[in-house]
Amino acid sequence: MNKTLLARAAAACVVLYLLPGLALACDDCDCGDDAPAPVASSAAGAATDDTATAAPRTRLGLVRVQGASPSSLPTNIPTTRETVTREDIERNINATDSEDALKYLPSLLVRKRYIGDYNHAILSSRASGTGNSARSAVYADGVLLSNHLGNGVGGLSFPPRWGLVTPEEIERVDVMYGPFSAAYPGNSAGAVVDYVTRMPSAFEAHAKVGYVAQPFELYNTKATYRAWQASASVGSRAGDWRWWVNVNRTDSEGQPLTFATRLLSSGTAVTNGTPVTGAVAGLNNANQAWWLIGAGTQYRTVQDHFKVKVAYDVSPTLRASYVFGAWRNEADGNAESYLRNAAGQPVYGGAIVIDGKQYAAPTGADFAVTREKLSHMMHGLSLKSRTGGEWDWELAASLYDYGRDDKRQNSAANTQPGALSGGAGTLADGSGSGWHTLAAKGIWRPAGTGHVVDVGLQQDGYKLSYLTSTVSGNYLSDAAGALVNKVSGKTRLQSAYVQDAWLLNADWKAVLGLRAEAWEARDGRTDFSATGTPPPSVYATRKEHFLSPKAALSWQAAAETVLKASVGRAVRMPTVGELYGATSTTNAQYINDPKLKPEKSWTGELSAESHWGPLQSRVTLFAETTRDSLYSQTVFDAAANRNISRVQNVDKVGTTGLETTLGATDWLARGLDLSMSLTYTDSKIKANAGFVSTPGDTVGKWQPNIARWRATAQAGYRLNAAWSGNLAVRYSGPQYRTLNNADVNGYAYQGVSSLLTADLRVRWQIDRQWSAAFGVDNLNNDKYWNFHPYPQRSYAAELKFDL
């Protein structure tokens, strides 16, 4: 077990710092203007006349009430926490998607490749890379948005469903680092992200339009890609009822994300090939010479979002809430050849001759055409008490449903330009997949004891159903034909937890927790062909049980300094996709393993938090040991001309690191706000019976997608009530994508490079109702990669109306 750490248990109706002599406000939650006032636990030591006249001193405390809005947050948070508010987003971030709210938080990176990225925008954290989506948990108003049907993007894609929250809805976002709260499953090993969206206490209406332009130049692609956004929301309160409606449309063009290639070494003597021009010479991620012959996966995505929230105060201390969200997406993926024949016409087929050597003919896999139609829905229902007395409770349920999830793609033999109008292909159908959650929570505050106890029962169920079929006629419109492969299966996690926040005295607080979990995987089946050859794989039911203890201790070491330590175990269960998800498409194959072991982590933190006037700082040592780490490793098979992904357990991964933050408000000059973070991480594979090319080739290597150094810095200036500006810088050092670290060239397609970008935002509050903003992301036009190229310099403008 590694021990180290804990947390920034910052203010707000959860872990609360109390200032003697000051009234407690509940401005960090949505308690409503008629909610009972927050009161410190009697053990916290209420301010007396004597203490009120003493020098102000931060003190640890417990909370007597929570907000009325649905949330995944426990009463006390025993871990490092960072928060972004609605005001922070409006003033500092060119936010086009909800994940942009996390952009400048310490140690976090979302692999967002274009505006509206719906299939690869995975969150990474201290010891979890952008290939491990199942090591984080994202919630919005208590509804799980993380897609734990699978992990990463091998075969199918499983990023959080960010599109079910728009930036304009967000009231605040809390990020908790590490698996230190018993209220969350093992997916919290990396981070927990909790969005709270607006629920008005009076009538309000908002409208916003935005535009982004990205001039992009890479290889032989030179174009400007644009995005348009429009949103509107309205809400109010009438007696005991509150309601909120939000609609949003995003129409976005992304830059090309993939490239067709031919290794220089695969060239042969010329026999019957067509001489072509336009190929770009380069090096792949292993520094092998290759030709880049065209660009692909250039998306045009049109997404519609609709959200309705209703809350009813059954009594002054009991609220019922319901949320419905709908997300629709029509996305076209296109490709273009760089190759031209002697007549200047684009070449999409036939053997080709480049620089005197003949190479294999381009296929439909090189220049894939995809057409996707998706329609997903979510429901969330809760009944929550907020008496602030000895007992409070909550009942909650949520459902996420893949109502429609179609992806049509041309076959390898169906090349452009004919593929643009039809021909043979495949239809992949994910409809019927989804997940549901059930929870019963209780809060017990025994009077005079210094304890606040959270207890809960939870059930999370996941169902994956993914059918890929041939379409022999017109793949753009015809019904599904013969089966290519089908994946189906279910998992269920039933949990019980208890967490006790204990104020030992005015200077010491402990949070102790225990989580018991019963996991089941069942109905697993993989069909490989319509003929039954090979025969389908039908998998036996699996059941396993685990206990995960948690502990945290906080000490008020000085008037300005709090020291914290915490340790926790997390068991991350294999997902349905990892267990059963053997899929095959024109240009990719995924190989599953039904015998995967759960991933087991011990994580620890040691933190020191200090305040010196306008300055706030935190230094956190963190460590994690993970056994049986679950990894989906993707390699390119040049002979098959496709990506092959295989999921496996890595025996042991060890991570240690240091994270520091520094912030200041009105520092040196009134209106000047500064914040910065710096993270150092050493994350290595300590043991692994598996390998990539030769036995032992992964041991001692860096964990994929974890940079050694990461940093953020922001300088914001509020010139006056009307004008503000913010300059932000992000840095992430070199990293590897492969387990054996063979991808030594990060600045190439399928490589992972360092990044250093600067973002600018200027906001103008025109009058009480109108505001405008202009921004530039990637101001320095850094050309960086994470398998795919990231956006280059982008110009953003927005106009907003608030009533």
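This is a guided tour of one predicted chain, stop by stop.

**Before you start**

Residue numbers count from 1 along each chain as its sequence is written. Because the model is predicted, local features need pLDDT of at least 70, side-chain atom pairs count only at pLDDT 80 or more, and totals for chains, interfaces and linings use all residues, while side-chain values use heavy atoms, with hydrogens and water left out.

**The whole chain**

Show everything as a cartoon. The chain has three helices and 42 strands. These are DSSP runs numbered from the N terminus: helices are H or I with at least four residues, strands are E with at least two. Of the 803 residues, 58% are buried. Buried means under 20% relative accessible area, exposed over 50%, and partly exposed in between (1.4 Å probe, protein chains only).

Switch to the surface. The accessible surface comes to about 29,500 Å², and 59% of that belongs to carbon and sulfur atoms. Areas come from the Shrake-Rupley method with a 1.4 Å probe; for residues, only the protein chains shown count as cover.

Now contacts, meaning heavy atoms within 4.5 Å. Among contacts between residues at least 6 apart in sequence, 71% join residues at least 24 apart.

**Stop 1: Glu82 and Arg618**

The structure holds 46 salt bridges. Each is a side-chain nitrogen of Lys or Arg within 4 Å of a carboxyl oxygen of Asp or Glu. Select Glu82 and Arg618. Their side chains meet in a salt bridge at 2.8 Å, N to O. Glu82 sits in strand β3 (residues 81–85) and Arg618 in strand β33 (residues 615–637), so the pair ties together parts 536 residues apart in sequence. Both Glu82 and Arg618 are buried.

**Stop 2: Arg262 and Asp366**

Select Arg262 and Asp366. Here the salt bridge is 2.7 Å, N to O. Arg262 belongs to strand β13 (residues 258–263), and Asp366 to the loop between β19 (357–359) and β20 (370–385). The two are 104 residues apart, so this is another look at what the pair does: it links distant parts of the chain. Arg262 and Asp366 are both buried.

**Stop 3**

Select Arg525 and Asp527. They form a salt bridge, with the closest N and O atoms 2.8 Å apart. Asp527 counts as buried at 12% relative accessibility. Arg525 is partly exposed, with a relative accessible area of 34%.

Next, select Lys490, Arg492, Glu520, Arg522, Asp523 and Lys543. Salt bridges link these residues in a network.

**Stop 4: the sheet β14-β18-β19**

Go back to the cartoon. Three strands form an open sheet in the order β14-β18-β19, with mixed pairing. β14 (274–275) and β19 stand at the edges with a single partner strand each, so one side of each has no neighbour in the sheet. Two strands pair if DSSP finds at least two bridges between them. β14 and strand β18 (residues 352–354) pair in the parallel sense over two bridges. Select Pro275: its bridge partner in β18 is Val353.

**Stop 5**

Select residues 672–687 for strand β35 and 709–718 for strand β36. These two pair in the antiparallel sense over nine bridges. Find Tyr680; its bridge partner in β36 is Trp709.

Gln714 stands opposite Ala728 in β37. Finish at the turn: β36 and β37 form a hairpin with four residues between them.
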